[in-house]
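Dear colleague,

I am passing the structure below on to you, together with some notes on what turned up in it. Please keep it open beside this message while you read.

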Amino acid sequence: MLISLDSTTLVANTIERLIGSDGSPYEKRVDAKGRVLSNECIADNLPFEELPKGWCWTRLSSFFTKMGSGSTPVGGRKVYQDEGPMLIRSQNVHNEGLRLDDVAHFSRSLFGRRGSHVLPNDMLLNITGASIGRCAIVPDTFGDADVNQHVLVMRPVLQIVSGYLHAAIISPLVQSEIMVGQVGATKEGLSATKAAGLLIPLPPLAEQRRIVERVGELMPLVEEYGELEDAREALDAALPGRLRKSVLQLAVQGGLVPQDSTDEPAAVLLERIRGQRRQLVAEGKMRAPKGGESIIFAGSDGRRYEKRVDAKGRESEPVCIEDEIPFEIPEGWEWARLGSVFSMQAGKNIKASLLSDIQTEKTPYPCFGGNGIRGFVAKPNASGDFPIIGRQGALCGNVKRATGDFYATEHAVIVSCFLNVDIAWACLFLSALNLNQYATATAQPGLAVSKISEVLIPMPPLAEQHRIVERFDILEPLTTN
């Protein structure tokens with residue numbers, strides 16, 4: 001319903017909004033001499049027609065005796081100083097109030113020559129940029145200030161309750177009008193003329209006060225709910241990652257799938273791996289482990305010990321490593337050094353000019369670096385199915401799986417699995433080890449192959465490796481959505 005502005009105790013102005021004989025809302029404009037300039041139906045312009053009894057629609061300009069923006073002082077930033085009158089800019093205007101921690105100051109003489117002075121109880125509206133639509137009320141006690149061209153100064157009619165007007169301007173209803181009213185092809189902006197024409201639903205003065213009082217009561221609750229909602233959203237966003245870590249933790253500790261007593265023990269698998277390594281060393285296809293082959297076993301006292309065996313079969317004295325064991329593992333599992341389970345080799349450098357950003361017929365092979373696939377190359381330097389560990393860069397310790405022909409740079413480590421160790425299990429367990437914690441503490445963190453070769457890994461039986469992978473494949477969608 002529309003009624004005349006007089007029923008809201010507003011100061012008389014040059015626009016009247018009435019209900020016509022056809023029941024539609026009209027807007028009449030009258031000049032200073034009382035002559036009617038226009039009288040047109042505005043039904044199509046109203047966000048909605050039905051208003052409570054005693055309310056009416058009016059233009060934003062009806063609330064103010066002044067609406068105008070300022071400008072950047074002559075000389076720009078060079079005239080800013082540490083004290084003096086303030087220059088309010090868009091970054092200072094927030095819906096919760098003015099933030100003056102980074103406010104600019106300029107000289108009093110320059111302030112005296114400007115015409116966009118700010119007074120207590122003025123309303124400031126951002127009219128350009130990403131913060132367009134933000135609105136603040138100037139406090140009752142406020143020093144000398146002016147605004148630049150990005151802020152509109154609006155001086156309210158005294159009878160209007162500024163709190164209600166502020167709530168109306170920052171409401172979704174008026175904010176959507178502000179977005180529609182933006183002008184300018186290259187930069188977002190709201191002209192003073194467009195701002196003056198914004199439609200505002202206006203209640204009687206007494207109801208304005210009641211609305212402001214009620215909003216004041218509800219806003220703390222809304223803010224509290226908002227904080228809880230933000231926390232919930234953050235938890236939802238973090239949950240897949242946390243769930244993935246939990247699943248990986250269960251996998252490496254033997255809690256993801258049940259054990260089967262009929263499985264061949266991991267100790268037998270490790271002995272076969274050691275046999276294969278000895279054969280490859282004898283054939284000159286790989287180097288013997290520095291310091292000898294690591295063998296970890298449980299002593300008669302129940303504690304873990306480690307001995308080293310060189311290429312000639314000579315054994316070192318066992319050393320107790322119980323303090324290094326991070327957790328207990330199921331029966332049939334064994335602890336081993338990463339270098340005892342896998343063979344690891346860093347890739348080779350490649351000139352940037354040989355890399356392509358896209359995969360083409362001339363550059364069909366992916367090139368792995370410290371951050372995953374770095375680009376594509378014409379010739380590979382590896383072929384097969386391997387876990388790839390990033391050893392430098394932002395994703396240091398990140399594990400990818402490379403299959404087929406590919407190139408690995410010096411920032412990636414190619415991990416070869418002995419015998420028929422499950423490749424998918426290897427990728428899963430290497431990811432769970434959080435290898436980036438072993439990176440060198442430098443400006444450019446890096447993983448040394450010699451260092452990660454000494455990392456302890458819990459080794460399950462081969463059959464259980466397969467079961468772990470099958471179970472993880474079922475659960476993984478829950479950890480990525």
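**Two asparagines in loops**

Asn 121 is partly exposed, with a relative accessible area of 37%, and please bear in mind throughout that the model is a predicted one. This residue sits in the loop that runs between helix H1 (108-112) and strand E10 (123-126), and although Asn 121 is not a glycine, its phi is positive, at about 75°. Asn 434 is found in the loop between helix H8 (423-432) and helix H9 (449-452), where it is partly exposed, with a relative accessible area of 42%.

**Cavities**

How many cavities of 30 Å³ or more does the structure hold? There are two of them, and the largest cavity has a volume of about 40 Å³. Two or more residues of its lining come from each of helix H6 (266-282), strand E15 (293-298) and strand E18 (334-337). Among the lining residues of the largest cavity are Leu 270, Arg 274, Ile 295 and Trp 335, and by class the lining divides into five nonpolar, two polar and two charged residues.

The second largest cavity holds about 30 Å³ of space, and it is lined by Gly 369, Gly 370, Gly 372, Ile 388, Gly 390, Asn 398 and Lys 400. In this lining, one residue is nonpolar, five are polar and one is charged.

With best wishes

Notes. Residues are numbered from 1 along each chain as its sequence is written. This is a predicted model: local features need pLDDT of at least 70, side-chain atom pairs count only at pLDDT 80 or more; totals for chains, interfaces and linings use all residues. Side-chain values use heavy atoms; hydrogens and water are left out. Helices (H or I, at least four residues) and strands (E, at least two) are DSSP runs, numbered from the N terminus. Buried means under 20% relative accessible area, exposed over 50%, partly exposed in between (1.4 Å probe, protein chains only). On a 1 Å grid over the protein atoms alone, a cavity is a set of points where a 1.4 Å probe fits but cannot get out, and a pocket is an open set with protein on both sides within 12 Å along at least five of seven lines; lining residues have an atom within 4 Å of a point. Grid points are joined across faces, edges and corners, and a volume is the space filled by probe spheres set on the points. Ala, Val, Leu, Ile, Met, Phe, Trp, Tyr, Cys and Pro count as nonpolar, Asp, Glu, Lys and Arg as charged, and the others, Gly among them, as polar.
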